Amino acid sequence: MKHIWISLILIVLALLGIFYGFRQPQEMADEEEDLIVIGMSQVGAESDWRVANSESMKQVFSEENGYRLLFEEARQKQENQFSAIRRFIQQQVDYIVVMPITEIGWESVLQEAKEAGIPVIVADRKMDVEDPSLITAHVGADVYAEGRKAVIWMEETFKDQPQVNIIHIQGTLDSTAQIGRTQALENGLAANPNWNLLSRMQGDFTQAKTYEVMTEYLRSVDSLPVIDVVYCENDNEAFGAVEALESFGYRCGPGGVAVISFDATREALQYCRNGKIALEVECNPLLGPLVEEVIQILESGQELPKTNYVPKEEVFTPQDITDELLEQRPY
Ligand code: GYE
């Protein structure tokens, strides 16, 4: 009798095993079908800001949160972004999210996405297109406003100085961050006759390129000029500029060169605390949650505002930076 019971239990267990064996893959497939598929095209990994931005996207668009993320990095080439977007269209993703390298040239690829019925959300920098229906929403900072904060600080700091010698290091040309931050400085130059632009160079938002162009410039001048301000369009440019300036004997800090930078990543705030960066204008890279908000609104069928600026961005000078701020800085 005991043997019969044991055999019965074994049979039941075996049947249960077969049942679950068949059921589980099916259930898994069902769960996968529920995932929202996002095709995401990122510029590259040119800066600390960009790395933090990619991290934020990957954190939010995880399987645990209900997403399948197809993430492609374009190594700073727009053609690579085009091919990534075309692959996403072929794969029939639910949404395409693009952090565009520059503003222009997107019309035809966006048209293809539109014809395939896939909404395109633009994050960080903008796209300049004539037909607004090609873009469902934009999530990103107001970079002109960031530039204005730097210009206002310069106006206050140098208001009594008869001549202010400025070097301007631009970011990737035709990118929104370059256009806005450059425009703010241009307006500052026009409004302040005591500001003197010594040189303008392209740093492409990277430390290496900025070190190179700055070194070339300092090598090419007959005698080293007095430099009051180096206006860098992001933190990595500021690191490269400080390195080049110091190697030519300049001192960055009070009484020396005032380096201005945008982003306010942890390492740059450390530079700022040490006085090597005089002003940090914050630009928040953590855009993942805002992009998700847009996608959730779309999923629920509600009306969507076309532009969602990143809410609050601060300005830091050396005295604002505490241990606590550095420890808590998420990027
Ligand atoms: O400031 C820079 C990055 O587009 C706002 O791009 C972004 C800029 C950011 O490489 O560090």
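Axes here are lines fitted to C-alpha atoms, for helices over the stretch in contact, and angles run from 0 to 180 degrees between N-to-C directions. With that in hand, welcome to a predicted model, in which local features need pLDDT of at least 70 and side-chain atom pairs count only at pLDDT 80 or more, while totals for chains, interfaces and linings use all residues. Residues are numbered from 1 along each chain as its sequence is written, and side-chain values use heavy atoms, with hydrogens and water left out.

**The chain overall**

- The secondary structure comes to eleven helices and twelve strands, taken as DSSP runs numbered from the N terminus (helices: H or I, at least four residues; strands: E, at least two).
- Of the 331 residues, 49% count as buried, where buried means under 20% relative accessible area, exposed over 50% and partly exposed in between (1.4 Å probe, protein chains only).
- Contact means heavy atoms within 4.5 Å; among contacts between residues at least 6 apart in sequence, 73% join residues at least 24 apart.

**Helices H7 and H8**

- Helix H7 (residues 207-220) packs with helix H8 (residues 235-247) at an angle of about 35 degrees, and their axes are 7 Å apart.
- Their crossing is right-handed, a term used when the near helix is turned clockwise from the far one by less than a right angle.
- H7 residues in this contact include Tyr-211, Met-214 and Leu-218, and those of H8 include Phe-239, Ala-244 and Leu-245.
- By class, the contact of H7 with H8 has seven nonpolar, six polar and two charged residues; Ala, Val, Leu, Ile, Met, Phe, Trp, Tyr, Cys and Pro count as nonpolar, Asp, Glu, Lys and Arg as charged, and the others, Gly among them, as polar.

- Strand S6 (residues 164-170) is largely enclosed by the rest of the structure, because seven of its seven residues are buried.
- On one side of S6 sit Val-164, Ile-166, His-168 and Gln-170, with Asn-165, Ile-167 and Ile-169 on the other, so both faces are covered.
- S6 runs parallel to strand S7 (residues 195-202), joined to it by seven bridges; two strands pair if DSSP finds at least two bridges between them.
- Asn-165 has Asn-196 as its bridge partner in S7.
- Helix H6 (residues 176-191) carries the chain from S6 to S7 in a right-handed β-α-β crossover, meaning that with the strands pointing away from the viewer the path from the first strand over the helix to the second runs clockwise.
- Strand S8 (residues 229-232) also pairs with S6 in the parallel sense, over four bridges, and its Tyr-231 stands opposite His-168.

**The six-stranded open sheet**

- The strand order is S2-S1-S3-S4-S5-S11, with parallel pairing.
- Strand S2 (67-73) and strand S11 (307-309) are the edge strands, each pairing on one side only.
- From one strand to the next, the twist averages 20 degrees.
- Strand S1 (residues 36-42) and S3 are parallel and joined by four bridges, with Met-40 partnered by Val-97 in S3.
- Helix H2 (residues 48-60) packs on the sheet, touching S1, S2 and strand S4 (120-123), and its direction makes about 160 degrees with that of S2.

**Loop residues worth a look**

- Thr-102 lies in the loop between strand S3 (95-98) and helix H4 (107-115) and is buried, with a relative accessible area of 13%.
- Beyond its neighbours within four places in sequence, Thr-102 is in contact with Gln-78, Lys-126, Leu-173, Asp-174 and Ser-175.
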